[in-house]
Amino acid sequence: MTERCDLLITNVHAATMDPSIPGAYGAVEDAAVAVTGGKIVWLGPRKELPDCAPDESLDGEGQWLTPGLIDCHTHLVYGGHRASEFARRLGGESYEEVARSGGGILSTVRSTRAASAEQLYAAAEPRLRALMAEGVTTVEIKSGYGLDLDTELKQLRTARRLGRHHPVDITTTCLAAHALPPEYDGRPDEYIDLVCEEILPAVAREQLADAVDMFCESIAFSVEQCQRVIDCAKKLDLPVKVHAEQLARTGAAAMAARASALSVDHIEYITDVDVAAMAESGTVAVLLPGAFYTLRETRVPPVQKLRASGVSMALSTDLNPGSCPIASLRLMMNMGCNLFGLTPAEALAGVTRSAARALGLCCSRGVLRPGLRADMVLWPMDTPDQLAYEVGALKPAQSFFAGKTVGG
Ligand code: DI6
Ligand code: FE
């Protein structure tokens, strides 16, 4: 009997990113892909396609199909902007100096507290749309510009609402331990009490966060304070991620690995011991070359060590108003290669398979494989190497979110 399916794509090459298929991209040339109920139900060489009666057929015209891109680390819901701080940094002040003088994250906290939920939504939507226009189908959004219960909830609800109104999956992360709010000046441990006793439990009650993050750095919170946040997240059954070793080595990555964190992010300053701990725990290294570039850092993350130790490397925008006001995951792929020494295939794995792992979502997406969600992008290119190589002109011919065409 002929099997029916919702959508059949033929005359296409698939960069599946499936590690069980040989080659850097897990490529299946001259492939066919069948989708039903929002999932891939068959993928393989077209010649082997079983009899199939699709409701809709698409001729891929010899283009390449990749998994939908995943931006696994953003702060894209915030009020205001920090163009004046950009000018100060260009004039020679450092990111830390700006932060210590009350600017930086705290400047965005003031604008985010002052903004209505409507204003936050309207400001965030173009950022999300810019990512989606590049083939992004899953975006993680963090809070962390509220630093009080109401504003943290406002940010997370705005993020969730963006997901309800766009063909994209939004995952949310509570980053209440991002900076010390002015009303707790000199009392960081009391603020951590507030995070652990009020903010995180309320966020968990409303099911507003899929994970908990923290900024472990001298301008933010200590390893001990972050350990308390981790313990609290564990009690609430929420996975953790840590902003670690971006500006200096603190020991945060090793602490995160001991706690089986999903990811440690930035990690320019990690050491061999940290890499070994991450390899052991399966913690993903999320590389953020846009923040490295914007802050004109010089220390690069130890990519060769991570690679040799088998640590998965994800790539993300870190989209935020201070250290990376750049809404382009494709540009991050290019920077990941040019600035950090990734291969083009590692860059694509970084925004698909490894990004899914960094969100704890590798069972549902990040590779093209039967049984997984049909988040896919069709690209007018001759080789997937072009995705990291070209910036600006190469756009998706078509994106699919859970098997449905996006836009057009
Ligand atoms: N690390 C970052 O890169 C962002 N937050 C963080 O913890 C920067 C946030 C900002 O400058 O607004
Ligand atoms: Fe960040």
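**View 1. Helices and strands of the predicted protein chain.** In this predicted model, the protein chain has 15 helices and 15 strands, where helices (H or I, at least four residues) and strands (E, at least two) are DSSP runs numbered from the N terminus. Its C-alpha trace spans about 70 × 45 × 45 Å along the principal axes. A compact globule of 408 residues would have a radius of gyration near 22 Å, and the 21 Å of the protein chain agrees with this; the radius is taken over C-alpha atoms, and the globule rule is 2.2 Å times the number of residues to the power 0.38. Among contacts with a separation of 6 or more, 71% join residues 24 or more positions apart, a contact being heavy atoms within 4.5 Å.

Residues are numbered from 1 along each chain as its sequence is written, while chains are lettered from A and ligands numbered from 1 in the order in which they are written. Local features need pLDDT of at least 70, side-chain atom pairs count only at pLDDT 80 or more, totals for chains, interfaces and linings use all residues, and side-chain values use heavy atoms, with hydrogens and water left out.

**View 2. The largest nonpolar core, around Leu287.** Buried residues make up 58% of the 408 residues in the protein chain, where buried means under 20% relative accessible area, exposed over 50% and partly exposed in between (1.4 Å probe, protein chains only). The largest nonpolar core has 107 residues, and Leu287 and Leu306 have the most contacts inside it; such a core is a set of buried Ala, Val, Leu, Ile, Met, Phe, Trp, Tyr and Cys residues joined through side-chain atoms within 4.5 Å. Helix H6 (residues 188–205) gives the most to this core, with 8 residues. Not counting residues up to four places away in sequence, Leu287 touches Ile267, Pro301, Val303, Leu306, Met313, Ala314, Leu315, Ser316, Phe340 and Leu342.

**View 3. Ala176 in strand S7.** Alanine 176 lies in strand S7 (residues 169–177) and is buried, because its relative accessible area is 1%. Leaving aside neighbours within four places in sequence, alanine 176 is in contact with Ser143, Leu147, Glu152, Tyr191, Val195 and Ile199. The C-alpha atoms of alanine 176 and valine 229, which are 53 residues apart in sequence, are 9.5 Å apart in space.

**View 4. Lys234 in helix H7.** Lysine 234 lies in helix H7 and counts as partly exposed, because its relative accessible area is 42%. Leaving aside neighbours within four places in sequence, lysine 234 is in contact with Ala259 and Ser260. Between lysine 234 and alanine 259, 25 residues apart along the chain, the C-alpha separation is 8.9 Å.

View 5. Most residues other than glycine have a negative phi. Aspartate 237, in the loop between helix H7 (223–235) and strand S9 (241–244), has a positive phi, near 65°, and is exposed, with 69% relative accessibility. Aspartate 318, which is likewise not a glycine, has a positive phi of about 65°; this residue is found in the loop between strand S12 (313–315) and helix H12 (329–340) and is buried, with a relative accessible area of 2%.
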